[in-house]
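Here is a short report on how one protein chain is put together. Look at the structure first, then read on.

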Amino acid sequence: MPALVLLGAQWGDEGKGKATDLLGGSVDYVVRYQGGNNAGHTVVVGDQKYALHLLPSGILSPECTPVIGNGVVIDPSVLLSELSGLNERGVDTSKLLISGNAHIITTYNVTVDKVTERFLGKRKIGTTGRGIGPTYADKINRTGIRVQDLYDESILTQKVEAALEIKNQLLTKLYNRRAIEAGQVVEELLTHGENIKQYVADTTLILNNALDEDKVVLFEGGQGTLLDVDHGTYPFVTSSNPTAGGACTGTGVGPTKISRVIGILKAYTTRVGAGPFPTELFDEDGEALRRIGGERGVTTGRDRRCGWFDAPIARYATRVNGLTDFFLTKLDVLTGWEQIPVCVAYEIDGKRVEELPYSQTDFHHAKPVYENFPGWSEDISKAKTFDELPKNAKAYVKALEEMSGAPISAIGVGPGRTETIEINSFI
Ligand code: IMP
């Protein structure tokens, strides 16, 4: 019953797409369990580069069934354009399954996301502006629209009208915007519904049956541990649970069925949007990490904030996710530095603190305590085994492993599909 969860151990953008794709051939189902088109995976297959935002990256493996679970929020127009973009490039997407319980990002959710951020001014979260937060808010408020609602015009109309009754007050009276007309939204949603009907299924039943039949199921988290609405750097987080527990609630597969939880860990740290980031660099090292690592958001095109590796964050990820393994990515980006600083603890108001503080105030005050590791200058992108890495690269990886609390079972040494060192097999 191999059910694996693959998730970001930091603030997202750790290179999950590559890890998922590496496993793609041996996996029967790849399932997204939270988030929406705020995610961004870049997957390189041969000489082709694919940027996926909403679809599970398993969509590129013909043997694999891609699944969008109930915990995901779906913008149907983005879904349809992502599918047609892949079809135009010859990718067969007909196996896709979508949960009827997943929530729909409506056009008014996108509008509310954008105007709220604008209204917040310098207190803004720096969201991706894709309507993610407002859609999850509607879900929790029990005013959301689900995929299954698109197949009952009467229910859909009632729900859209009820939601807009409140939102139009907000839009017109608070934000000075035009009201949105329910009829037009319903019409658009009904058309989208028809266009995605072939994919809609009882994904919970299908996934549980698959696990009973010993199929390999991979749960693919979007964003990352520190963007989790419960366990992340709240309020500078996304509105869902990328952490391992989200794989259960977001798909309807119980925790006893999960066999392995793999954290994707970048060899340094990045974050997009606002919020605390103790190891952030504002100098030429930060600029070099951004340039060499190509640290620009796949979804938003925004430059990512860059900094050195933060060991308390990695330990925290091990703890809150129950990680069994790490996949260390982008080690090659660090090639060429004479010394590589690693944050081993924090100094908070004059005291040394070993673990991520639970208090937002303390984390805002956390200053990194660095230990320097000797760098390497050799090209590592051709290394196929751990032993082929330069001595200092091996020592860096071993030190990270020791500090992070779970074995590093794979290492990314370049962006290509084959530029990975596998140490322990995941399946
Ligand atoms: P939202 O998910 O659009 O609501 O944005 C909330 C926060 O999560 C912002 O700081 C975003 O930049 C961040 N975020 C959302 N998706 C991703 C991602 O895939 N990678 C990195 N940051 C993300």
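## Two domains

In this predicted model, the C-alpha centres of domain 1 and domain 2 lie 29 Å apart. The domain assignment gives domain 1 two stretches, 3–91 and 202–422. Domain 2 covers 103–198.

How many residues does each domain bring to the contact? Domain 1 gives 26 residues and domain 2 gives 20 residues. Together the two domains bury about 1800 Å² between them. Of that area, 63% is on carbon and sulfur atoms. The count of salt bridges between the domains is zero. Polar contacts do occur there, in seven residue pairs. On the side of domain 1 that touches domain 2, two elements give two or more residues: strand S6 (73–74) and helix H2 (76–88). The largest share of that side comes from H2, with four residues.

## Nonpolar cores

In soluble globular proteins, nonpolar side chains tend to be buried together. Here the largest nonpolar core has 60 residues. Which of them touch the most other members? They are Phe219, Leu289, Leu331, Leu334, Leu389, Tyr396 and Ile411. Helix H12 (residues 391–404) supplies the largest share of this core, six residues. A second, separate core holds 32 residues, including Leu54, Ile59, Tyr108 and Val186.

Take Leu289 from the largest core.

## Tyrosine 268 and threonine 269

Tyrosine 268 sits in the loop between S11 and strand S12 (269–271). Is tyrosine 268 buried or exposed? Its relative accessible area is 0%, so tyrosine 268 is buried. Tyrosine 268 and phenylalanine 309 are 41 residues apart in sequence. In space, they are 4.0 Å apart, C-alpha to C-alpha. Other contacts of tyrosine 268 include Gln10, Leu289, Glu295 and Lys330.

Threonine 269 belongs to strand S12. Threonine 269 is buried too, at 1% relative accessibility. A polar atom of the threonine 269 side chain lies 2.8 Å from the backbone oxygen of tryptophan 308. Threonine 269 is also in contact with Gln10, Trp11 and Phe277, among others.

## Salt bridges

The whole structure has 18 salt bridges. One of them joins the side chains of aspartate 212 and lysine 257, at 3.8 Å from N to O. Aspartate 212 lies in helix H7 (residues 203–212), and lysine 257 in the loop between helix H8 (244–249) and strand S11 (260–266), so the pair ties together parts that are 45 residues apart in sequence. Aspartate 212 is exposed, with a relative accessible area of 56%. Lysine 257 counts as buried, at 18%.

Arginine 304 and glutamate 295 also meet in a salt bridge, 2.7 Å from N to O. Both arginine 304 and glutamate 295 are buried. These two belong to a network of salt bridges that links Asp13, Lys266, Glu295, Arg304 and Lys330. Another salt bridge joins arginine 296 and aspartate 303, at 3.1 Å. Aspartate 303 is partly exposed, with a relative accessible area of 43%.

Most residues other than glycine have a negative phi, and most peptide bonds are trans. Which residues does a cis peptide bond join here? The bond links tyrosine 234 and proline 235, with omega about 5°. Proline 235 is found in the loop between strand S10 (217–220) and H8.

Glutamine 223 lies in the loop between S10 and H8. The phi of glutamine 223 is positive, near 55°. Glutamine 223 is buried, with a relative accessible area of 9%.

Lysine 330 has a positive phi as well, near 60°. Lysine 330 lies in the loop between strand S15 (325–329) and strand S16 (339–348). Its relative accessible area is 23%, so lysine 330 counts as partly exposed. Lysine 330 is also a member of the salt-bridge network with Asp13, Lys266, Glu295 and Arg304.

Methods: Residues numbered from 1 in each chain as written. Predicted model: local features only at pLDDT ≥ 70, side-chain atom pairs only at ≥ 80, totals over all residues. Heavy atoms only, no water. Core = buried A, V, L, I, M, F, W, Y, C linked by side-chain atoms within 4.5 Å. Buried < 20%, exposed > 50% of the residue type's maximum accessible area, 1.4 Å probe, protein only. Domains from an automatic or database assignment. Contact = heavy atoms within 4.5 Å. Buried area = accessible area lost by both parts, 1.4 Å probe. Salt bridge = Lys/Arg side-chain N within 4 Å of Asp/Glu carboxyl O. Polar contact = N/O pair within 3.5 Å; in protein donor to acceptor, adjacent residues only side chain to side chain. Lists of a residue's contacts leave out its neighbours within four places in sequence.
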